[in-house]
There are 2 protein chains.
Amino acid sequence: MHIILEPPAWLQAWMDIHQDSYPDTSTRMRLAIELSALNIEHQTGGPFGAIVFDRTTFQFISAGVNRVMACAASIAHAEIMAITAAQQQLGSFDLSARGLPSCELVSSCEPCAMCFGAVPWSGVRHLVCAARDSDARAIGFDEGPKLSNWKDALLQRGITVETDICRSDAVGILRHYAGDNGLIYNAGHDLKTD
Amino acid sequence: MHIILEPPAWLQAWMDIHQDSYPDTSTRMRLAIELSALNIEHQTGGPFGAIVFDRTTFQFISAGVNRVMACAASIAHAEIMAITAAQQQLGSFDLSARGLPSCELVSSCEPCAMCFGAVPWSGVRHLVCAARDSDARAIGFDEGPKLSNWKDALLQRGITVETDICRSDAVGILRHYAGDNGLIYNAGHDLKTD
């Protein structure tokens with residue numbers, strides 16, 4: 001049986017109309033945050049969005065939103081969706097392989113323990129985050145057992161990290177989701193609404 | 001564009017003839033190690049295998065092998081393939097959801113940083129490992145920045161861990177792979193053979 005991770009139907013249309021170059025970091029982040037908001041609005045998943053950008057052209061390569069519940073797959077975090085879509089589109093498990101553009105992952109939230117572990121394998125060279133993991137925890141999402149010095153651990157592998165980019169915008173979306181009784185889908189707990 | 005993670009063609013046939021109950025832990029592990037060996041033999045991926053078992057019937061729910069290169073997806077580790085296949089088969093992102101059997105992940109090697117982070121999200125209640133992460137590193141695989149007390153971190157979340165089950169068998173497969181010039185596919189390095 002194949003494993004299929006399906007993006008929401010609206011995402012392709014969104015990508016089709018966002019083919020510009022976005023050299024400003026905050027502008028790129030606002031696009032990732034817009035995805036997190038659209039995922040709530042369309043009721044297609046949790047309040048997280050991520051985009052893989054080509055750091056040469058500043059155009060995006062792929063985009064992802066949280067699809068954990070819709071795809072029945074706990075791995076389907078926005079970062080994993082964006083990274084894997086980029087790899088399959090470019091035909092390489094390693095986004096830092098020779099001949100590929102230098103890639104950046106722009107995520108509306110700092111990575112959970114799994115996504116943190118996935119970043120070095122992905123080949124992205126730069127990570128940009130908006131909300132902090134503490135912001136996700138504040139509305140009930142579990143971020144998992146993660147190294148406290150996770151940014152240093154990435155830097156030691158040559159992956160640079162920028163945090164707090166448009167943080168308040170992203171936190172606003174998280175709070176909106178929680179205030180609207182969005183599902184907080186942590187494994188091992190029964191589903192609960194905050 | 002859908003993300004598709006495809007198991008090797010031989011895996012379904014293998015699963016079809018392994019429908020027994022396997023109450024002995026070492027026997028279950030030998031099946032996971034057999035998968036790692038078959039993945040080398042068929043040249044369908046790296047030397048890692050993992051199986052999700054129902055801890056009530058001791059039959060398996062799903063099986064996975066490493067498919068990183070074949071699927072152009074750095075997430076396609078054996079554990080991720082097995083966990084996600086089980087979730088999609090049972091129709092739940094959480095293998096510890098009500099109504100589902102208690103699930104165990106049996107893996108031919110201790111989890112890398114990503115798979116470690118994925119375990120709590122998966123809903124598996126028990127993890128069994130053969131080779132140590134140091135054994136994987138010994139043949140050149142990068143295991144990533146992982147908490148040194150990763151077993152305790154899982155236990156604190158109610159996930160029990162057994163290690164060193166049939167370790168020497170699994171190490172034998174890893175060494176065979178390395179000795180046979182199997183590809184060591186770490187991101188950020190050019191592909192190299194050991």
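**Note on a predicted two-chain model**

1. Within β1(B), Leu5(B) is the bridge partner of Ile3(A). That pair belongs to the pairing of β1(A) with strand β1 (residues 3-5) of chain B, where 3 bridges join strands that run antiparallel; two strands are taken to pair if DSSP finds at least two bridges between them. Helices (H or I, at least four residues) and strands (E, at least two) are DSSP runs, numbered from the N terminus.

2. This is a predicted model, in which local features need pLDDT of at least 70 and side-chain atom pairs count only at pLDDT 80 or more, whereas totals for chains, interfaces and linings use all residues. Residues are numbered from 1 along each chain as its sequence is written, and chains are lettered from A and ligands numbered from 1 in the order in which they are written.

3. Chain A is superposed on chain B by a rotation of 180° with 0.0 Å of shift along the axis, at an RMSD of 0.0 Å, using least squares on the C-alpha atoms of residues with pLDDT of at least 70 in both. The two copies are thus related as by a two-fold rotation axis. The same surface serves both, since 100% of the contact residues of chain A recur in chain B.

4. The contact takes 45 residues from chain A and 45 residues from chain B, two residues being in contact if their C-beta atoms, placed from the backbone, lie within 7 Å. On the side of chain A that touches chain B, β1 (3-5), α3 (78-90) and α4 (113-122) of chain A are the elements that give two or more residues, and α4(A) gives the most, with 8 residues.

5. Chain A also holds an open sheet of 5 strands, with mixed pairing and the order β3-β2-β4-β5-β6. Its edges are β3 (60-65) and β6 (160-162) of chain A, each with a single partner strand, so one side of each is left without a neighbour in the sheet. Strand β2 (residues 49-54) of chain A is joined to β3(A) by 5 bridges, and the two run antiparallel; Ile51(A) stands opposite Ala63(A) in β3(A).

6. The largest nonpolar core has 126 residues, and those with the most contacts inside it are Val52(A), Ala82(A), Val52(B) and Ala82(B). Such a core is a set of buried Ala, Val, Leu, Ile, Met, Phe, Trp, Tyr and Cys residues joined through C-beta atoms within 7 Å, where buried means that 20 or more other C-beta atoms lie within 10 Å of the residue's own. Not counting residues up to four places away in sequence, Ala82(B) touches residues including Val52(B), Ala63(B) and Leu105(B).

Methods:
Buried ≥ 20, exposed ≤ 12 C-beta atoms within 10 Å, placed from the backbone.
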